[in-house]
Protein chains: 2
Amino acid sequence: MASHIVSSYEDELKYIVRRISEMGGQAERMLEQSVTALVRGDSGLAQSVIADDVILDAAQREVDEKAILTIAKRQPLATDLREIVGAIRISSDLERIGDLAKNIAKRVLAVHNHPQPNQLVRGIEHLSELAIDQLKDVLDAYGTRDHERAQVVRANDEEIDAVYTSIFRELLTYMMEDPRNITACTHLLFSAKNIERIGDHATNIAETIFYIRTGEEMSTDRPKDDRSTTLTQNAVEAAVESAAP
Amino acid sequence: MASHIVSSYEDELKYIVRRISEMGGQAERMLEQSVTALVRGDSGLAQSVIADDVILDAAQREVDEKAILTIAKRQPLATDLREIVGAIRISSDLERIGDLAKNIAKRVLAVHNHPQPNQLVRGIEHLSELAIDQLKDVLDAYGTRDHERAQVVRANDEEIDAVYTSIFRELLTYMMEDPRNITACTHLLFSAKNIERIGDHATNIAETIFYIRTGEEMSTDRPKDDRSTTLTQNAVEAAVESAAP
């Protein structure tokens with residue numbers, strides 16, 4: 001009887017972990033497709049990303065419910081309890097990645113009515129590639145509970161922040177050069193910020209993997225924020241002037 | 001012995017609920033202070049908001065741990081289980097409200113180096129007053145588990161979305177009128193978006209209260225998003241032209 005209970009607990013955990021990995025695959029796809037839609041002005045693809053978000057929301061609620069029931073029924077201790085608490089946290093991060101991708105998809109129409117500089121589009125594609133790599137890496141690290149790989153993911157988030165800050169600066173420059181760029185660039189700014197925040201969620205997942213393996217929270221002294229919050233008009237104007245032909 | 005266990009479970013729940021209400025008070029204060037700092041350019045106040053965020057993060061981790069331990073130890077069923085799951089969800093929303101207020105506080109320096117039109121400042125103050133009211137109402141509704149009042153809070157979020165969309169439009173107009181406004185207005189744009197998202201978290205809390213009381217999720221068909229995502233350049237240019245003297 002005891003072995004039956006144990007095996008059934010393991011089945012429940014396996015099911016939850018499989019659902020998390022499915023959610024991860026979908027979140028990755030939604031980010032990839034939303035940026036493709038943004039870059040190509042593909043409103044059909046944007047619509048399909050927006051529709052897919054419901055599935056991710058439902059998956060999160062299901063994982064939450066299953067996890068809570070498992071805790072109540074099995075009273076897992078130590079590592080087992082951390083596995084389940086970790087699953088709840090990770091599914092919440094993946095659900096929010098889906099929300100952010102959906103928000104990018106919603107901006108496709110407003111952005112594509114106006115031409116965007118190629119360099120900018122490439123910048124945003126590059127930013128999203130970095131975020132997708134981080135997401136893939138952290139989901140692989142979760143699959144193998146590899147907390148050292150998770151630490152690498154967390155350290156790599158700095159690169160995303162740096163690329164985002166440079167896109168932020170570039171977008172402001174385009175707005176100053178021509179007021180007709182302002183609306184589209186504002187939507188691109190929010191899209192880039194969303195991608196940067198997706199990177200933060202990959203970092204959160206990395207921290208959860210560390211917690212599952214070690215029972216400790218990673219130290220919280222790594223600032224997740226990008227540096228754009230302190231960028232002043234003078235700095236941007238100087239950049240505009242130095243970029244002038 | 002049985003009554004001892006019951007009373008001790010109730011003590012645990014009471015403690016968690018008290019911590020949530022403290023977190024709510026702090027999140028409210030952080031939002032209020034971050035907007036005051038933004039409007040007055042008070043960098044000292046901004047620093048204190050940034051510093052306070054650590055306390056809210058720690059409170060969330062504590063509520064999470066206590067809640068999970070209570071579930072594992074007491075195996076609560078039905079309403080009791082929903083109370084604890086609800087507390088986990090609400091503390092996560094409050095923690096994120098703190099993050100958003102901190103992000104506003106970080107923008108104070110970049111914004112205040114440049115003059116802002118009074119009308120705009122009043123718009124953002126108005127937006128934050130609406131969000132603070134929503135937060136107060138939803139925390140009161142949580143205190144009395146009043147799911148009807150929670151439904152009112154959820155319905156009121158539309159007003160915040162409408163005010164945000166109008167501020168978004170206004171900010172774009174200022175940017176187009178004078179490129180020297182662009183950097184400060186961009187930071188104000190992100191600040192306004194953060195306040196709008198704080199409104200969404202108040203809505204999430206309202207939905208959680210409904211879940212605690214009824215065991216059902218509120219229908220998900222109310223769109224939380226503002227309308228700014230689809231605002232095109234043409235619409236804004238038309239507004240600029242009609243506003244021209």
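## Aromatic pairs

Over all chains, the structure holds five aromatic pairs. Rings of Phe, Tyr and Trp (its six-membered ring) pair if their centres lie within 6.5 Å; planes under 30 degrees apart are called stacked, over 60 edge-to-face, and the rest tilted. One of the pairs is Phe190(A) with Phe190(B): it is edge-to-face, with 5.1 Å from centre to centre and 65° between the planes. Phe190(A) sits in helix H7 of chain A and Phe190(B) in helix H7 (residues 182-214) of chain B, so this pair joins two chains. Helices here are DSSP runs (H or I, at least four residues), numbered from the N terminus.

## About the model

What you're looking at is a predicted model: local features need pLDDT of at least 70 and side-chain atom pairs count only at pLDDT 80 or more, while totals for chains, interfaces and linings use all residues. Residues are numbered from 1 along each chain as its sequence is written, chains are lettered from A and ligands numbered from 1 in the order in which they are written, and side-chain values use heavy atoms, with hydrogens and water left out.

## Where the chains meet

Let's look at the interface. Here, 46 residues of chain A are in contact (heavy atoms within 4.5 Å) with 47 residues of chain B. Between them the two chains bury about 4,000 Å², 60% of it on carbon and sulfur atoms; buried area is the accessible area (1.4 Å probe) that two parts lose on being put together, summed over both.

## Salt bridges

Search the whole structure, though, and 30 salt bridges turn up over all chains. In one of them, the side chains of Glu217(A) and Arg89(A) meet at 3.5 Å, N to O. Glu217(A) is in the loop between H7 and H8 of chain A and Arg89(A) in helix H3 of chain A, so the pair ties together parts that are 128 residues apart in sequence. Glu217(A) is partly exposed at 32% relative accessibility, and Arg89(A) is partly exposed too, at 21%.

Over in chain B, Arg149(B) and Asp137(B) form a salt bridge through their side chains (3.4 Å, N to O). Arg149(B) belongs to helix H6 (residues 147-177) and Asp137(B) to helix H5 (residues 118-143) of chain B, so this one links parts twelve residues apart in sequence. Back in chain A, salt bridges that share partners join Arg18(A), Arg19(A), Glu22(A), Glu62(A) and Lys66(A) into one network.

## A buried Glu

Glu12(B) is in helix H1 (residues 2-40) of chain B. Why does Glu12(B) count as buried? Because its relative accessibility is 18%.

Leaving out residues up to four places away in sequence, Glu12(B) touches Thr70(B), Lys73(B) and Arg74(B). With Thr70(B), Glu12(B) makes a side-chain to side-chain polar contact of 2.9 Å. A polar contact is a pair of N or O atoms within 3.5 Å; within protein, one must be able to donate a hydrogen and the other to accept it, and residues adjacent in sequence count only if both atoms are side-chain atoms.

Methods. Buried < 20%, exposed > 50% of the residue type's maximum accessible area, 1.4 Å probe, protein only. Salt bridge = Lys/Arg side-chain N within 4 Å of Asp/Glu carboxyl O.
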